[in-house]
Amino acid sequence: MTALVYLHNVVKRYVRGRQTMEVLHQLDLEVPAGQFLALMGPSGSGKTTLLNLISGLDRPTSGEVTVAGERIDQLSSSRLAKWRARHVGFVFQFYNLMPMLSAERNIELPLLLTSLPGAQRKRNVAAALELVGLATHAKHKPAELSGGQQQRVAIARALIADPTLLVCDEPTGDLDRASASDILDLLQRLNREQGKTIVMVTHDQKAADYASRILHVDKGQLVAASMQSAV
Amino acid sequence: MSLFRQIAAVVGMNLRNLPQRASASLVIVIGIAGVVAVLVSVLSMAVGFSRTIAGAGSPDRALVLSGGALQEAMSSIPAGAVPNIMNAPGIAEDSAGRPIADAEALAQIQVQQGSGRSANVALRGVGTTEPELRPEVRLVAGRMFQPGLHELIVGRNLEARYGLGLGSHLSFQNGDWVVVGIFSTSAASLLDSQILTDAQTLLSAYERNWYHSMTVRLAGPGSLNQLKRALASDPTLHVDVYRESTFAAAQSRVLNIILRWIGFFIGGMMAAGALFGALNSLYAAVSARSTEIATLRAIGFGAGPVVVSVLAESLVLAIAGALIGAACAWVLFDGHVSSMQLSGLQPPVAYAMSVTPGLVVIGITWACVIGMVGGLFPAIRAGRLPIARALNAVV
């Protein structure tokens, strides 16, 4: 497999007042296309910072970040925004849906950044709703959906523009066990059946077990890796 | 196309979100409504006052004052000079060949206000050619005064402000005067806040043998200069001649500027307060929506549409405030009769405040400026929001 995500010698420092904190220390990472990677580690270990760098939400202090063939650490803010729109789908712990929009309007949001006509957008949204099993909930607003259903809508939103990479930050952190299992099944299916490359941050070993590869981050460095046959 | 879609989507979301931030939004709306209401109200005084003064002046009439007099009240024209002026060229004549010109006298009399306090009003003595000289004056109730009798007709503004109705009695110069008519002018005019009577009767009551001014109807467009030359060449006269409309406009100019300055000054002070209110509320709104904004930015929405959405929210609230403020000013003050003095020598002029479409446009413009300035900095903050930090994703 070719590396979809390539990080070399990546350092990330934050300046807080007079203090400078180095969160990632000369980190190297390769994620092949089609892999389902789980990043684990204690709070403050730097795993979310690593996810932010991979997804183009943040820039490294030094080092190279190449994703989908593009040196994203060298892109301007506006080009980075366009790059994210084309290549990355986001799934957040607290879903981050727009509360005033219905499920279908939330899912449609990334398509507003494309040149697709309205009718085609509607068809794509219907297909995404079908994929996540919420075809009958298109008109529901987030407040009318359960946590698991909201996260399904968020996954549909993340997938609608057919991104190269799906990044998930604690996608089951706010869900009960049954809903979490449903969501992880869905992510695994997307990885296996559609070949989606997924990078997921999680505290939960059971969630990580759904991934095809687990990396542990500690004190800003990758300390252990394991390949596994997923549950 | 994509940029337009982005802007429409983000602005739409933002505006739909407004009910959830009703109290903060109301702070902006009420603050700006207050600014616009005060600004429009004060300016409506200036507009109403200017109209009233200017309405007294016609380009077809000329005013003759004694030489050097800047106001009618400062002028005096001896009774003996009146025939010379009346027979000068340039003055229009009626069907009987008589010049359409009147020597007029002024006095101030006191009337009782509803509160029990007294106020000065202008009493103008006019001549027999008044209907041809000022055709815009028409009786709306009662009848014309009769020369030689202590009879008065009262302008509509005085009737409204002081309750001087038909049959009212006024005592001055040891006489009892009765109101026999109410008049109105076709356009708002200074005359609407005056009392008219027969000039000769007024002079007798005040034991005077001089007038304040003469008003004449001009024969044609070039007649003013003809009249000026004729009166200047008469060695027995020392008078100045003005086109009545020009003289009226000059009389109101300074007060009009002062009123407008007061309006913009008070409006400006209030606008500064409203501006800070808007800034505060919009900063709070951006802060409350930071996760939403960051999510949109993460998905790929640009900073521009986010900035536009905050500015749009600010403008929508500002315009709502402006419309409410203008509506309040219109309901409370449009047509409201107030009074003001042109100078210490003259009695107060009663005039109707006027909230015009032009003033509403000025109010909306001010509100938009407040909205734009108040929204600009929060909008920039929203556009520059660090995405990762706003998503609570740092470290």
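Student: Let's start with helix 2 of chain A. Which of its residues are buried?
Tutor: In helix 2, residues 77-87 of chain A, the buried ones are A:L80, A:A81, A:R84, A:A85 and A:H87. Keep in mind that this is a predicted model.

Student: And what do those buried residues pack against?
Tutor: In chain A, the buried residues of helix 2 pack against strand 4, strand 6 and strand 7. Helix 9 of chain B is a packing partner as well.

Student: Does strand 6 of chain A run parallel or antiparallel to strand 7 of chain A?
Tutor: Parallel, with four bridges joining strand 6 of chain A to strand 7 (residues 165-169) of chain A. A:V91 stands opposite A:C168 in strand 7 of chain A.

Student: Is A:Y95 buried or exposed?
Tutor: A:Y95 counts as buried, because it has 23 C-beta neighbours inside 10 Å.

Student: And what about phi of A:E170?
Tutor: Phi of A:E170 is near 50°, again a positive value in a residue other than glycine. A:E170 lies in the loop between strand 7 and helix 6 (177-194) of chain A. A:E170 is buried, since 20 other C-beta atoms lie within 10 Å, and the cut-off for buried is 20 or more.

Student: Changing topic: in what order do the strands of the open sheet in chain A come?
Tutor: The four strands form an open sheet in the order 2-1-4-5, with antiparallel pairing. Strand 2 (19-32) and strand 5 (70-71) of chain A each have a single partner strand, so one side of each is left without a neighbour in the sheet.

Student: How many bridges are there between strand 1 and strand 2 of chain A?
Tutor: Strand 1 (residues 3-16) and strand 2 of chain A pair over ten bridges. One facing pair is A:V10 and A:L27, the latter in strand 2 of chain A.

Student: What lies across that sheet, and at what angle?
Tutor: Helix 1 (residues 47-54) of chain A lies across strand 1, strand 2 and strand 4 (62-67) of chain A. Helix 1 of chain A runs at about 120° to strand 1 of chain A.

Student: Nice. I also clicked on A:I107. Where is it, and why does it count as buried?
Tutor: A:I107 is in helix 3 (residues 103-108) of chain A. A:I107 counts as buried because it has 29 C-beta neighbours inside 10 Å. Beyond its neighbours within four places in sequence, A:I107 contacts residues including A:V125, A:L129, A:V153 and A:I160.

Student: Last topic, chain B. How many helices and strands does it have?
Tutor: Chain B has twelve helices and 14 strands, and 48% of its 395 residues are buried.

Student: Where is the kink in helix 8 of chain B?
Tutor: The kink of about 40° in helix 8 of chain B is centred on B:R253. Helix 8 of chain B covers residues 244-288, and at 1.5 Å a residue its 45 residues should span 66 Å. The end C-alpha atoms of helix 8 of chain B are 62 Å apart, which agrees.

Student: And is B:S118 buried or exposed?
Tutor: B:S118, found in strand 4 (residues 118-126) of chain B, is exposed, with 12 other C-beta atoms within 10 Å.

How values were computed:
Residues numbered from 1 in each chain as written. Chains lettered and ligands numbered in written order. Predicted model: local features only at pLDDT ≥ 70, side-chain atom pairs only at ≥ 80, totals over all residues. Pairing = 2+ DSSP bridges. Helix = DSSP H or I, 4+ residues; strand = E, 2+ residues; numbered from the N terminus. Contact = placed C-beta atoms within 7 Å. Axes fitted to C-alpha atoms, helices over the stretch in contact; angles between N-to-C directions. Expected span 1.5 Å × (residues − 1). Bend = angle between axes of the 7 residues up to and from the residue.
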